[in-house]
Amino acid sequence: MSRISVLRLVVGLLLLAVVFESAPALVSGAKSKLHPSQAAVLAVLGKGWGRTFTNCSQASGLICGGNGMVIQMSLNNSQLVGTIPSVIGNLSLLQHLNLGVNQLTGPIPESIGNLTNLSYLGLFNNQLTGPMPPSLAGLSKLQTLTLSDNRLNGSLPDALGKLTALLRLNLDNNSLSGSLPAAISALSLLTYLSISDNLLNGTLPDSIGALSACQNLGLANNTLSGSLPASIGNLTNLVTLGLTNNSLSGRIPASISSLGKLEKLNLGFNLLSGALSNGIRRMTALTRIRLQNTSLSGTLPPGIGLLRRLKQIDLSHTGITSPLPDSMGQLDKLTELLMHGCQLNGSLPALLGNLTALQTLDLGSNSLSGEITSFISNLTRIETLDLSTNQLAGIVPDTISSIQRLRQLNLSSNSLSGTLPSAISLLTNLTSLDLSYNKQLGGSIPSALGQLSNLTVLAINATSITCPLPSTPCEVPQSPTSAFCQACSNFCTSCSSANDSCSSFASNPCTEDGTCVSLGAANITTASSNYTCLCNPDADLVTTAIGTLTCIKTDPCTSYPSNPCGAGDCIPSPPAPAAAPKKGRPPLNTPYSCRCSAGATAGLGANGLPTCVSPPPPSQEPSNAVAMSTGAIIGIAVAAFAVLVCCITLVFLCWRWRSTSQSRQLANQGWQAEADRSYRKDDFF
């Protein structure tokens, strides 16, 4: 075998290996024929779901192996209805089954346990009912089980403990009840466990600490009771711990400080008590602490200032007391501090001025006293500020106007005094301003406050604040907002009546031939009925076809710069009698009529008066057609010339080729003759 043949054989073998290696990808990307056994199963499934499966392709949601056996079914968000037929268990080589986000009903069939090759099972966001089938225990290769957002009920089966390859388990938003089975501790590879929004009860088992690989533990919105087990400190890989809205009681175990990777600690709405341990200082990865609506007490530990990544702290409605540790001033990434309804007292902590990243500060319903000091102006990013229901005194500082992002400001139910600073009207993003129940707070609301278009709530009841005087409302360039008018109805009524109907028009509705006289308050929808026109002696009062009043000269045909009838003759109508300046309008009349020329049609102009509309200009299509025909002729001529040139060139090339061929033939004959002579010569010797 030559070297070239060997090389060709090697290249062929390499290409064959590449083809076999890429076979699954080729099968998944293109259509392939189903194995007969699979086609029979899919025919039953398709009939129940209103689909037709004729081949394997990504378009059909199926991926098959080289033998035509289905290995992946992805029909999520495919508007499937009906039940999951038990025949699905015959897809024995299935590795991936995703039927999420459909309208499937009924129970999960027991036959699902026959799919022993499954690594992914997603039936989320359907309307499945009934318990979780015990046959799930047969899915020994399963890595992801997602059954969230269904109507499953019953208790969690112990069979879950046999899914030892499981990495993710999501059963959120069902009606599962009972306690968390101890067998779940066998899932040592589990990284994500979420069974929130169910009806689970009982206590958290100590064995939960065996889930050492778990990064997310979510059991919120259940009815779990008892204390947090100390073994929870063994979950050293936890990033999120969500146990909100249960009935957990007792102290937060000190072992929780071992969770050095924890970023989100959500234990709010429970019965937890006691003080926070200073061991929290070791949880330096924390970005969120939510312990609201618990019975925690005492002061915050100084170690909280070492949690430099903290962005949110919610301790609302707890028993946390003052003072706040000075170390909190180091939390320069904190955007949300919620301590509404705690037991804080004393003056506003100056350390708050260092929290320059704050966007929400809620210290309402405490016992804070003293004044609102100037440090508040350092919080330039704040959008919500609630200091209501405290014992704050003194004035509202002018510096508050420097918080340009402020949207909600609640200073109600304090003992503030002085006047409202006029600069508060510079807070153009304000949507809510509540100053109510500050009896000694007075002064007048700046009228410019009525122009804050985003303002929807303005509360000044039970204060000494007054509204602008009725004589000044028309200094406001626009109509006040509804929130402003609710607080200052007299202001808005006066402003409305002061702006007469005549000024509601962009120009004098009576034209230069008359004077507009207002007969009532401005109302843009009825302005035409709230004024009249005092016309000049040579003009008449008329009502136009669009319902407005105007003045027209006695000879209207000559009172316009050009013929008002356009493509027609203007014929004056008998003059209308002058009208007295009283509310109402004269009978409908027109100052002239139009005799339209041939082809023109009668109509109304933009001013509501008669005119003639000229017919559209004659169509230019014939001339265009001629132009197009001329262009076409020129194009044809150019094309014909080009064809002729090509033909001549081709004939010339053929002639040259023939001449050359003859020359070569003669030359070959000469070479052959020479060869023959040589051959014959050799024969002689």
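Buried residues account for 43% of the 685 residues in the chain, as computed from a predicted model. The accessible surface of the chain amounts to about 33900 Å², and carbon and sulfur atoms contribute 56% of that surface. In terms of secondary structure, the chain contains 6 helices and 42 strands. When contacts between residues at least 6 apart in sequence are considered, 48% of them join residues that are at least 24 apart.

Among the strands, 6 are arranged in an open sheet, in which the order is β3-β5-β7-β9-β11-β13 and the pairing is parallel. The edges of this sheet are formed by β3, spanning residues 81-82, and by β13, spanning residues 199-200, each of which pairs on one side only. Within the sheet, strand β5, made up of residues 103-106, pairs with strand β7, made up of residues 127-130, in the parallel sense and over 2 bridges. In this pairing, Thr105 is found opposite Gln127 of β7.

The largest nonpolar core comprises 131 residues, and the members that touch the most other members are Met73, Leu99 and Leu145. At least two residues of this core are supplied by each of α3 (36-49), β1 (62-64) and β2 (70-74), and α3 gives the most, with 4 residues. For Leu145, when neighbours within four places in sequence are left aside, the contacts are with Leu121, Met132, Leu136, Leu160, Leu163, Leu166, Arg168, Leu169 and Asn170.

The surroundings of Ser322, not counting residues up to four places away in sequence, consist of contacts with Thr299, Gln343, Leu344 and Asn345. With Asn345 there is also a polar contact, in which the side chain of Ser322 reaches the backbone nitrogen of Asn345 at 2.8 Å.

Conventions
Residues numbered from 1 in each chain as written. Predicted model: local features only at pLDDT ≥ 70, side-chain atom pairs only at ≥ 80, totals over all residues. Heavy atoms only, no water. Pairing = 2+ DSSP bridges. Core = buried A, V, L, I, M, F, W, Y, C linked by side-chain atoms within 4.5 Å. Buried < 20%, exposed > 50% of the residue type's maximum accessible area, 1.4 Å probe, protein only. Contact = heavy atoms within 4.5 Å. Polar contact = N/O pair within 3.5 Å; in protein donor to acceptor, adjacent residues only side chain to side chain. Areas by Shrake-Rupley, 256 points an atom, 1.4 Å probe, with all protein chains shown as cover.
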